[in-house]
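I would ask you to look at the model on the screen while I go through its architecture.

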2 protein chains.
Amino acid sequence: MEKDTLTIIKIGGNVIDNSETLSTFLKNFSQYKGLKILVHGGGKAATRLAGKLGVETIMIEGKRITNEEMLDVAIMTYAGLCNKKIVAQLQNFNIQAIGLTGADGNSILSKKREHTTINYGYVGDVVEVNAKWIQAIIDTGTTPVFCALTHDKKGQLLNTNADTIAQSLAVGLSSIYNINLIYCFEKKGVLQNMEDEDSIIEELNYNTYQYLKNENIIHSGMIPKLDNCFKALKQGVKNIIIANPDIIINPLMLHTHISL
Amino acid sequence: MEKDTLTIIKIGGNVIDNSETLSTFLKNFSQYKGLKILVHGGGKAATRLAGKLGVETIMIEGKRITNEEMLDVAIMTYAGLCNKKIVAQLQNFNIQAIGLTGADGNSILSKKREHTTINYGYVGDVVEVNAKWIQAIIDTGTTPVFCALTHDKKGQLLNTNADTIAQSLAVGLSSIYNINLIYCFEKKGVLQNMEDEDSIIEELNYNTYQYLKNENIIHSGMIPKLDNCFKALKQGVKNIIIANPDIIINPLMLHTHISL
């Protein structure tokens, strides 16, 4: 039997942090045809709440540490404020949305990151996606909205990067669906020249990526992001796109399409 | 066809506010046989967070007002901290739990309370329960955990009393299920004498209730609670029990059974 197509769309701070941008995006998302899942990060809400509560952001070797207080802040903002406000807005746009963490329905099981040199605290690395349960929820006509939290099935919620959640869902659900994964981005795609917003690399395959990485044309923050994309493609995800959020109403706009 | 039995259990501050009591309750809840829904209030978490954030609790004529800041506090604590920690713990006890507000799946539609003499702010009175969707979720083998938030389907989340949520779910789902509604309480039931913790009224029907109310034996806070119970029974709920949380592992313990 032909698999259904499911589109997973990940949005980050550039969409979440501005209520007008978010509202426009959610309206566009509601008009996007076919089965879909939304994944969102927390944007600046967690940092803002932590500031108000006097919870210090602890950084070790450039990495943010999630202690117990910071985890509570993440739970309150990601699963509470951001997630439920998105769900309420999508309902207004007639999308039968449901807000989820990885604990809900045991949908995303993770494992607390082990101490190596740095103790990251309550940070989870994804172990397994409960594809059957997510499919059962989708089959009720419901659109899942995931925030950046998972759990260890031992009662502990864990902070997990939203890009990783989107990628894990994409891989985990690829046995059931043809998966399109769209990373919404502040730029229109991966740039060839950081100074030129329109220098979009329209097609990026694995060989080109290796070349551009060696030439230092693609560097820093884009590398883990793209490494994850190629890993997901190798694990069965069909299409990955990095694009501006407007791509979902204008599929002809410039964007980066990633393939093996 | 014979209806399935569904038990709706509502817990409040006396369970939520103590992590050990909560953990014991959730373990007992996980062992409670049959289809079930958990409804929880926020306990003191919202008041505590509001205090830390300097959000003032505004009272008008003895009624708490939910302004925008206080609603955000409610969303963060009810839908975030309380709800998701309960879900994660239930998953540990092998319950396939999911945390919900009334916005999720448009499960509980409400209407912002209209100004009469008091503007209550973002408080919602329940209009409709989406019984078919909740049934579809339960049919996936999932146990819903509702917090005290609803929405107006126009993008606005609204604060709604947890007792009312439990009662609305009970009435709304009574067309599909035989509903048992259990209000967990700090006492073992409705008392005949406030000074005597064991003076439980074991059977309370409508006529007895009227008599005890007239005699001022039942008074103050119990009256709206019991009025709501009788309303629910008239609207099709089969059994209502007011009891100590331990009732769910010890059905023989003293409790108040309410009937028409």
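I begin with the way the copies meet: 100% of the interface residues of chain A are also interface residues in chain B, so the copies meet through the same surface. Contact here means heavy atoms within 4.5 Å.

Before going further, a word on conventions. This is a predicted model, in which local features need pLDDT of at least 70 and side-chain atom pairs count only at pLDDT 80 or more, while totals for chains, interfaces and linings use all residues. Residues are numbered from 1 along each chain as its sequence is written, chains are lettered from A and ligands numbered from 1 in the order in which they are written, and side-chain values use heavy atoms, without hydrogens and water.

How are the two chains related? A rotation of 180° with 0.0 Å of shift along its axis places chain A on chain B, with an RMSD of 0.0 Å; that is the relation of a two-fold axis. The superposition is by least squares on the C-alpha atoms of residues with pLDDT of at least 70 in both copies.

Let me turn to chain A. Its eight strands form an open sheet with mixed pairing, in the order β5-β8-β2-β1-β11-β13-β14-β12. Strands are DSSP runs of E with at least two residues, helices are runs of H or I with at least four, and both are numbered from the N terminus; two strands pair if DSSP finds at least two bridges between them. At the edges lie β5 (97-100) and β12 (203-205) of chain A, each pairing on one side only. From one strand to the next, the twist averages 20°. Angles run from 0 to 180 degrees between N-to-C directions, with axes fitted to C-alpha atoms, for helices over the stretch in contact.

Helix α8(A), residues 222-234, touches β11, β12, β13 and β14 of chain A, at about 160° to the direction of β13(A).
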